[in-house]
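Here is a briefing on the structure shown below. Please keep the model open while reading.

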Amino acid sequence: MATGNRNGADGKRGNQSVKKIRTREIRFDQDNPEVGTRNTELGIVTYTFVFLFIILVGYLVYLNIWKVDSLNSNVYNTKHDVNMDKYIRGSILSADGTVLAETQVADDGTETRVYPCYNMFAHAVGYATNGKSGIESAYNSDLLSSHASILTQIRDESEKQKARGDTLVTTLNYSLQNTAYQALGGYNGAVLALEPDTGKILAMVSKPDYDPNRIGELWEDLISDESSSVLLNRATQGLYPPGSIFKILTALSYMRQKPGAYQNFSYECTSELTKEGVTISCYNHTVHGTEDLKAALSHSCNTAFASIGLELDSGDFHTLCEEFLFNKALPTTLMHSTSKFTLEDKASYGERMMTAIGQGSTLVTPLHMALIAATVANGGIMMRPYMVDHMETYDGDLVSTTKPSAYKRLMTTEEARILKEFMTETVTAGTATELGGYGFTAAGKTGSAEFVLNGEEGTHSWFIGFSNVEDPDLAVAVIAENGGTGSDTAVPIAAQIFRTYYGV
Amino acid sequence: MSNLIIQVSKYLIIILMALYTFQCFTVFSQKDEDDRNFVFLRQNTLMFFMHFVAFTVLYLEMGDVMVLFFYGSQVIYLVATLVLFRNLYPLASKLLINNMCMLITIGFIMITRISYDKSVKQFKIVALSTVIALIIPIIIRKLRFITKMYWFYTMAGIGLLALVAIMARTTYGAKISFDIGPVSIQPSEFVKIIYVFAIAGLLSNAREFKRVVIATALAAVHVLILVVSKDLGSALIFFVTYLVVLFVATKNPFLVLAGILSGSLAAVGAYFLFGHVRVRVEAWRDPFEDYYVNGYQISQSLFSIAAGTWFGTGLYQGSPTAISIVEQDFMFSAIAEELGSIFGICLILVCMSCFIMFVNIAMQLTNRFYRLVAVGLGATYATQVFLTIGGGIKLIPLTGVTLPLVSYGGSSALSTLIMFAVVQGLYMLQRDEEKKQSAPAGGQDSYEDYDPNYGYPQSGPVYGDQDPYGNYGGYDGYDPQGGYAGQNGYDDSFAGYGDPGGYPPYGGYGEQNPYDGYGGPDDYDVYGRGGNYAGPGWESGGYEEDYGSQGGERTDGYGKQKRSRRKKR
């Protein structure tokens, strides 16, 4: 073969392409391949590893640009605790300047975290000892770092003073929070109020509550009492059956699946619907008679929606709910639970009917429901909810401002308009008429979510909705645990919040 | 005031490191050798300056005079290392030596910050290891047979690993180290080196498929023992190194693809078979899911990087010690926290520069066995860097390996220094052999002109002069006619090679003869790329125009050579 090679090379010198092929052959066929090494392989090896190194660099850049904030606010992250020796924890203020949390330094240097509003902001603001929660946890690193000028910091250092961490000014509105807190009264549950077009959270109440000033002494009791779970922020982490408020999504799914038919929807309500041994009945066995989709929603007719549930393709319904962030994280850094929607293609008729009216195995958080109401109010675009409006140095210089940002368009303007119309009907002629007559328009949906706990049956009272339908100002979600029907308990609470907002 | 110094020093350290890194890649744009040497010296200055700034901060924070003495000893050590290597081995790659010292310096700084006692221990080990590393090239040169004992290495490697698997102490769930008196030794660190010699030896004359099968089986035994010992990091390093050497030896991408495929299958199998593999993968997927047990380290590592962001917290301003065994497996995260991610990126690039220098030296070696050893050691190094940094930043699951020369750990430091020294030694060995050959052949003095510091590519035709790293792409565009035109003329040298009279000893060189088979036009590029011929007097013409006139002579030489080899068989 070697001789052949030589002859070939001689004979074909004029023909470059053939010669090239020849040399390649020689390479592979050569009976002594250790000679005549070429560097191509080494080049490939170099390329490969250089590529891997570049990936390392790229991933590090990615971490620094996109992951740093969520890592710094991770609940397990205790990195910034080292800064406690260097900085006095910054203050937290409401949007109108009321102090919600501040650190007072005694003459001997002892620091005490003081919450002047006691229980009212307990879950929203959180606590900073015995672990951390709420804003205290999410913005821990900001509270324990200072953007004060270098000169101020040097002055502090020379005077052996600890620097003061930055101040957080929240979006929380003191009077609205106060109203929500008082209105929920003795019920366990949650109230959440936010601006639909910005995502600013104006009120966040969860009950039962605690006094964050006394978290140290209360701690043992709080964590040993598992039944009431006082520390849980029900507004963001409580998981409840949605009841009839879920019908908004059932109606939307029906509109999408039967684009031609939903306007002509008509159902004869006889207060009961039975399919394969499962009976769905309307609340109080009311007979709603013949109704279209709007009337069915505003009267919260269970049988009409159960029949819709039988018509819906479960897979598509599931897809729609996941688009609306069921089984997914909400677009926020606030710590929250994930709402659950489990309906599958092969679901039984009973399960489909139950799911369509918000019973079944669906579970939601009040924050999530408030966001869905806000999405309808905002013409179909969901805004990212947030609680800190801006950060200042302790002496008042602006450090950074949170800008409202849209998460996504979840429904078309037309779909939002129709749902708004349906929800307005609920207020004008349905289950939430108590919201009328105060000089502002409102739209919403009530829910009476039945539950069984330790063998006892009860009904959670739900309301989600928004005010000033033409250009919505405020979206709310109210849940009063075991509060009866939505109309009885949740709607009056929502009414008080709206009235405080408009001062009427 | 000290707070201000710490804040300023933080940026200063980053700037110094960035300049150093930049010069790792731009130094070869300097055409003149003196200019290059000047840049290498400047790199040393930057390194010492950075070392000084860092230890100023460490002293301010620790307030212990011992730190100053410690700093002094480190400076003496670094100066001695630089001076000794350069003078004992004038032909060694200066960039590689600079990088080696830079990595050691970064290690000193960070280990001192994490634990002064450990740092002192590490310093002693590194100093001793450097002495060993200094004599390695001499040993290789004098006792060259030791590089050929690959069957022995194969058996010794397997034996040692098996011994570890059976007898070793279990550390963090893996069996990796022996205690001998006060010292704990990680044999896998040293097996790594002889393993490379073993597989390079087995594959360097992989003429038949059978040989490849045997080599593969023996490499697989190494890897399997490591998997059983739960030393997944080393197992992966051994595996990747084998694939790289296999690829370079056989030039057969399909074998490598088959290797990657079977490796992936084995990885999936390991995931389902071994709990400890599953745990690592789960912790990688979501470290916060099982935060308190398996996700703790990687979570803390991520928190460290997030706490540091681009510019770092400054030395002593972070809390890298929250990561357990930070000084070994998570050194990179500690660096990213306190010195910043920009510094971290520079560190990655310096490691990359080391790797490129390894391969570059491999390219200049014409002896097949040495080439495989050099590229194998390079792959070992690069894989280890990738695994430890990638694991720390959660790019890949954690494998628990150290960052060579930077992390705390005697075995790792010694074996890495040996690795660096072996590669330099191989190059010198080759030069010795070339000298012997060139003596009877005559006219070979040009080899003497080669200087590895002249650049990665040394004005080889495909690289281009200005961007030594950037133009590897030229490989694929290889064309025996067009590719050579211009930069390096071959006319004179070909005449020398082609002269049959000049090559009487050819046949006798046997397999180690680097000139063997020089006749195929395909083979010229070794010299072109390695740049061994880039003597100043040879730039008269291009390959293209000289090809015809040189052909006859060369063919004669070639034929003669082939004949003599056949006789030998």
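Among contacts in chain A between residues at least 6 apart in sequence, 67% link residues at least 24 apart. This is a predicted model. Chain A holds 18 helices and 19 strands. Of its 504 residues, 50% count as buried.

**A buried helix in chain A**

- The buried residues of α13(A) are A:N302, A:T303, A:A304, A:F305, A:A306, A:S307, A:I308 and A:G309.
- The cut-off behind this call is 20 or more other C-beta atoms within 10 Å of a residue's own.

- Strand β3 of chain A (residues 99–105) runs antiparallel to β4(A), and 4 bridges join the two.
- A:T103 has A:R113 in β4(A) as its bridge partner.
- Strands of a sheet pair through backbone hydrogen bonds, in parallel or antiparallel fashion.

- A second open sheet to look at has 5 strands, in the order β8-β7-β19-β18-β17 of chain A. Here the pairing is antiparallel.
- Strands β8 and β17 (442–453) of chain A are at the edges; each has a single partner strand, so one side of each lacks a neighbour in the sheet.
- On average, neighbouring strands of this sheet are turned by 10° against each other, direction ignored.
- Strand β18 (residues 456–467) and strand β19 (residues 475–480) of chain A run antiparallel and are joined by 6 bridges.
- In β19(A), A:A477 is the bridge partner of A:I464.
- Helix α16 of chain A (residues 366–377) lies across β7 (189–194), β18 and β19 of chain A. Its direction is at about 150° to β19(A).
- Helix α17 of chain A (residues 413–429) lies across β17 and β18 of chain A. It runs at about 75° to β17(A).

- Two packed helices are described by the angle between their axes and the distance between the axes.
- Helix α3 of chain A (residues 40–72) packs against helix α14 of chain B (residues 341–364) at an angle of about 175°, and the axes are 10 Å apart.
- Angles over 145 degrees count as roughly antiparallel, and α3(A) and α14(B) are therefore roughly antiparallel to each other.
- From α3(A), the contact uses A:L42, A:V45, A:T46, A:F49, A:V50, A:F53, A:L56, A:V57, A:L60 and A:N64.
- From α14(B), it uses B:S341, B:G344, B:I345, B:I348, B:M352, B:F355, B:I356, B:V359, B:A362 and B:M363.
- By class, the residues of the α3(A)–α14(B) contact are 16 nonpolar, 4 polar and no charged.

**Helix packing within chain B**

- Helix α7 (residues 187–204) and helix α8 (residues 209–228) of chain B have axes that come within 9 Å and cross at roughly 170°.
- That angle makes α7(B) roughly antiparallel to α8(B).
- On the α7(B) side, the contact residues are B:S188, B:Y195, B:I199, B:L202 and B:L203. They meet B:R211, B:I214, B:A215, B:L218, B:A219, B:H222 and B:L226 in α8(B).
- The contact of α7(B) with α8(B) has 9 nonpolar, 2 polar and 1 charged residues.

**Backbone points to check in chain A**

- A cis peptide bond connects A:K207 to A:P208, with omega at about 5°. A:P208 sits in the loop between β8 (201–207) and α9 (215–224) of chain A.
- A:E276 is a residue other than glycine with a positive phi, near 50°. It is in the loop between β10 (272–275) and β11 (278–281) of chain A.
- Is A:E276 buried or exposed? A:E276 is exposed, with 8 other C-beta atoms within 10 Å.
- A:H285, also not a glycine, has a positive phi near 55°. A:H285 lies in the loop between β11 and β12 (289–291) of chain A.
- A:H285 is exposed, with 9 other C-beta atoms within 10 Å.

Key. Residues numbered from 1 in each chain as written. Chains lettered and ligands numbered in written order. Predicted model: local features only at pLDDT ≥ 70, side-chain atom pairs only at ≥ 80, totals over all residues. Buried ≥ 20, exposed ≤ 12 C-beta atoms within 10 Å, placed from the backbone. Pairing = 2+ DSSP bridges. Axes fitted to C-alpha atoms, helices over the stretch in contact; angles between N-to-C directions. Parallel < 35°, antiparallel > 145°, perpendicular 65-115°, else oblique. Contact = placed C-beta atoms within 7 Å. Nonpolar A, V, L, I, M, F, W, Y, C, P; charged D, E, K, R; others polar.
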